[in-house]
Amino acid sequence: MNLRAFGRFERFVRFVLVGGTATVIQYAVLIALVEFLDVPAVRASTAGYVTAAVFGYFANYRWTFSSDRAHGGTAARFAAMIGFGLTLNAGIMWVLHHALGVHYVAAQVVATGTGLFVNYAVASRWVYARAPERA
């Protein structure tokens, strides 16, 4: 494995670690809202997703990608990615849990797995990509 490929692999591992932590945050919010406050599963999942996204933005900005982009533009790109990811997450949750009757935690596992690969592709190629060099 060459150094460039190793660097991409290391970055992906960091993304997975940040994502794993964000997932724990999301699931904690999801389960707490459903089990203790009787919030519907899709709404609870959405609240957890947004909470985890705030953590994920800052952890990925600093640790995973060591971004050199200004927060304003990066945060806007991240918000667009999260908006798409949130729509994807809610859609998968709605289809699996509401329409098909799959247990809400199992539905969330499928949504999370799908989101991992979609979000990494968008984050690494667009959100946190190195700013173009100025002449």
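Predicted model: local features only at pLDDT ≥ 70, side-chain atom pairs only at ≥ 80, totals over all residues.
Residues are taken as buried when their relative accessible area is under 20%.

A search of the whole structure finds 12 aromatic pairs. One of these is formed by F15 and F65, whose rings are arranged edge-to-face, with a centre-to-centre distance of 6.1 Å and an angle of 65° between the planes. F15 belongs to helix 1 (residues 3-37), whereas F65 is located in the loop between helix 2 and helix 3, so the pair ties together parts that are 50 residues apart in sequence. Both F15 and F65 also belong to a cluster linked by ring pairs, which comprises F12, F15, Y57, F58, Y61, F65, F78, F117, Y120 and Y128.

The packing of helix 2 against helix 3 was examined next. Two packed helices are described by the angle between their axes and the distance between the axes. Helix 2 spans residues 41-64 and helix 3 spans residues 71-99; their axes come within 10 Å and cross at roughly 150°. Because angles over 145 degrees count as roughly antiparallel, helix 2 and helix 3 are assigned to that class. The crossing of helix 2 past helix 3 is right-handed. On the helix 2 side, the contact is made by A41, V42, S45, T46, Y49, V50, A53, G56, Y57, F58, Y61 and R62. Helix 3 contributes H71, T74, A75, F78, I82, G85, L86, N89, A90, M93, W94 and H97. By residue class, the contact of helix 2 with helix 3 consists of 15 nonpolar, 8 polar and 1 charged. Among the contributing residues, Y57, F58 and Y61 of helix 2 and F78 of helix 3 are also members of the aromatic cluster.

Two further positions were considered individually. N119 lies in helix 4 (residues 104-127) and, with a relative accessibility of 13%, counts as buried. When residues up to four places away in sequence are not counted, N119 touches F15, Y49, M81 and G85. Of these partners, F15 takes part in the edge-to-face pair with F65, while Y49 and G85 are among the residues that make the contact between helix 2 and helix 3. E10, by contrast, is found in helix 1 and counts as partly exposed, with a relative accessibility of 36%. The C-alpha atom of E10 is separated by 38 Å from that of A99, a residue 89 residues apart from E10 along the chain.

Technical notes:
Residues numbered from 1 in each chain as written. Heavy atoms only, no water. Axes fitted to C-alpha atoms, helices over the stretch in contact; angles between N-to-C directions. Helix = DSSP H or I, 4+ residues; strand = E, 2+ residues; numbered from the N terminus. Parallel < 35°, antiparallel > 145°, perpendicular 65-115°, else oblique. Left-handed = near helix turned anticlockwise from the far one by under 90°. Contact = heavy atoms within 4.5 Å. Nonpolar A, V, L, I, M, F, W, Y, C, P; charged D, E, K, R; others polar. Phe/Tyr/Trp six-rings, centres within 6.5 Å; stacked < 30°, edge-to-face > 60°. Buried < 20%, exposed > 50% of the residue type's maximum accessible area, 1.4 Å probe, protein only.
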